Amino acid sequence: MLDIKFIRENPDIVKNACRVKGFADPTDEILELDARVRELKTITQNMTAEKNKITREIPTATDKAPLIARSKEIGAEIAADLAELSTAEDKLNDLMHRVPQIPSADAPIGPDDSFNTEVRRIGTPRKFDFTPRAQWDLLDMNGWWAPEKIAKLCGTRTYALIGEAAELQLAIETYVIQKLIANGFIFIECPSITKPATIFDAGHFIGSDLSVMSGDVFMLSGTDRCLAGTAEIILNSLHSGEILNEKDLPIKYAGFSPCFRKEAGAAGRDTRGLARFHQFNKVEQYVFCTPEQSDEMHEHILNNLCDIIADFELPYRVIANSTGDMGFNKVKMNDVEAWVPSENSYKELGSCSSIGQFQARRTNTRYRAADGSMRFCATLNNTGIAVPRALVPILENHQNADGSVNIPKKLQPLMGGRTKIGGKH
């Protein structure tokens, strides 16, 4: 969320952010409520002071009755004002949680992903001397999955990899975790079970009503828990309420967890293959830093993902997401997309996001600056790798005519030295 002082002083900037991000604009109502809240606080403070003064005078007064009557009258007025204040503060709190983060001035302006712009493109898509197979055909012919059987047992949008494909997925996860550790990240295996308030504090949902999450989040019936859709949720609240030291920033985490999403808004999309499931695994990069370090950290975690995709020997491109595509809580966002031959296009493998102080205000995560002042941290996140999605371009780009798949050189040590899997061998 934003600082109310910022909204008071920069209403036009806030209004513009609502407009370019495509959210309803509550700015005027916020300013009106904020003024009334401050007025009511002043009124109740003054009336409480008057009531306290009368209370002190009553014991020594010759005629106590008028003072007692006035004290009761003031008490009733205070009670009425406090009731109005409570209602106004609740409404103001909800509206404050409906204001989107201010996007970077460098972000492309537009309502959706058609306004995204390409930043750079690395590598050239492979020209095959045979007709390449789609991921699902490679999985079928090598016996690397059993989609019908798993769907019968577990329902739609579930998967299970078998044999060498499962080994490759584990190798991918392990490689990325080891690479991030070598780059100074603290590895943490995160729980997937959490509390709704923790998801709310990550700032992905609008307003203060936690029930709005039920369309996207798996709630665990009969409990006060739910399933997280990313390790970012846990990592964001890891230092909730704490005061960090500036000298210790940035703090970089590599979080691994199974992730759970309803995919309620994805009906009919990516129903074949390994692209979109209710459960998947993800390594997440997450950073706490000072606002001044944020741009440098954005490039750092963006380049980490680019390096990982290059290590997997995949052509890829980097996208600057438009204001309407970057979401509610982001200052700026870059998607990294790998080439998928069967679709003759680039498909997203990760999203790098600068959040500014938006999340830290919700979690009250601060740091003590060198000058002794207390400031909110800036936070950033980016995918390290998400599987099985990452298997799609790896399988398709590295396939051979016989259905085997060459293993990228960086992954071969984690695959027992094998150079390829599947096919006739």
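In which loop is R157 found?

Guide: In this predicted model, R157 is found in the loop between α6 (147–154) and α7 (164–182). The backbone there deserves attention: R157 is not a glycine, yet its phi is positive, at about 55 degrees. Most residues other than glycine have a negative phi. R157 has a relative accessible area of 17%, and because buried means under 20%, R157 counts as buried.

A second residue may be set beside it. N344, likewise not a glycine, has a positive phi of about 50 degrees. N344 lies in the loop between β9 (332–340) and β10 (345–356). The relative accessibility of N344 is 58%, so N344 counts as exposed, whereas R157 is buried.

Two further loops hold another backbone feature, the cis peptide bond. Most peptide bonds are trans. The bond that joins L249 and P250, however, is cis, with omega about 5 degrees; P250 lies in the loop between β5 (243–245) and β6 (251–260). A cis peptide bond also joins V387 and P388, where omega is about 15 degrees. P388 belongs to the loop between β13 (378–387) and α12 (391–397).

Note on methods:
Residues numbered from 1 in each chain as written. Predicted model: local features only at pLDDT ≥ 70, side-chain atom pairs only at ≥ 80, totals over all residues. Heavy atoms only, no water. Helix = DSSP H or I, 4+ residues; strand = E, 2+ residues; numbered from the N terminus. Buried < 20%, exposed > 50% of the residue type's maximum accessible area, 1.4 Å probe, protein only.
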